Amino acid sequence: MSESRTARRTVAASLLAATALLAAACTTGGATSKADTGAGDTTPVTITFWHGLSSPHEIASVDAVLAAFHKKYPYITVKAVAAQTDDKVNQAIRGGTAPDVASSFNAANVGGWCSSGAFQDLTRTSRPTTST
């Protein structure tokens, strides 16, 4: 496979993951009331998103996805910070300055961040719940 094609697939996978994370942060909890979840709240908010992509075409792709996201959710601004390594994410977590959303190319690091509580499980806010 060509290096260009591999790079495009990497960008596409990263953008898909980032979009899923951002969408999960913006969905409601299903059966819970709007008062409980904040659904319908259009108070402007800014989310910081760190990613490891660094080449101009990769950054342009991320920016295009985020522009489409902002068009759909104009009250949510995503501040993308490119070229962030897992080491930088680890330092930010330890220093108490972690971004709202981060992507990683290393599944082991993501697992560590989740198991330590540094990253929060968004399952409850990204999937409908049923009341019994």
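Two residues are in contact when they have heavy atoms within 4.5 Å.

The model here is predicted, so local features need pLDDT of at least 70, side-chain atom pairs count only at pLDDT 80 or more, and totals for chains, interfaces and linings use all residues. Numbering runs from 1 along each chain as its sequence is written, and side-chain values use heavy atoms, with hydrogens and water left out.

**Exercise 1. Find which residues T46 touches, leaving out those up to four places away in sequence.**

Step 1: Locate T46. It sits in strand β1, residues 45-50. Helices (H or I, at least four residues) and strands (E, at least two) are DSSP runs, numbered from the N terminus.

Step 2: List the partners. T46 touches T77, K79 and D100.

Step 3: Check a distance. From C-alpha to C-alpha, T46 and I76 are 5.8 Å apart, though 30 residues separate them in sequence.

Step 4: Look at the whole chain. Among its contacts with a separation of 6 or more, 75% join residues 24 or more positions apart.

**Exercise 2. Work out how the buried residues of helix α4 are arranged around its axis.**

Step 1: Pick them out. Buried means under 20% relative accessible area, exposed over 50%, partly exposed in between, with a 1.4 Å probe and protein chains only. In α4 (residues 86-95), D86, V89 and A92 are buried.

Step 2: Look down the axis. The buried residues of α4 fall within an arc of 120 degrees, so they line one face of the helix. The arc is taken from the directions running from the helix axis to the C-beta atoms.

Step 3: Turn to the other face. Pointing away from the buried side are the exposed residues D87, R94 and G95.

Step 4: Find the cover. β1, β3 (101-102) and α5 (107-115) are among what covers the buried residues of α4.
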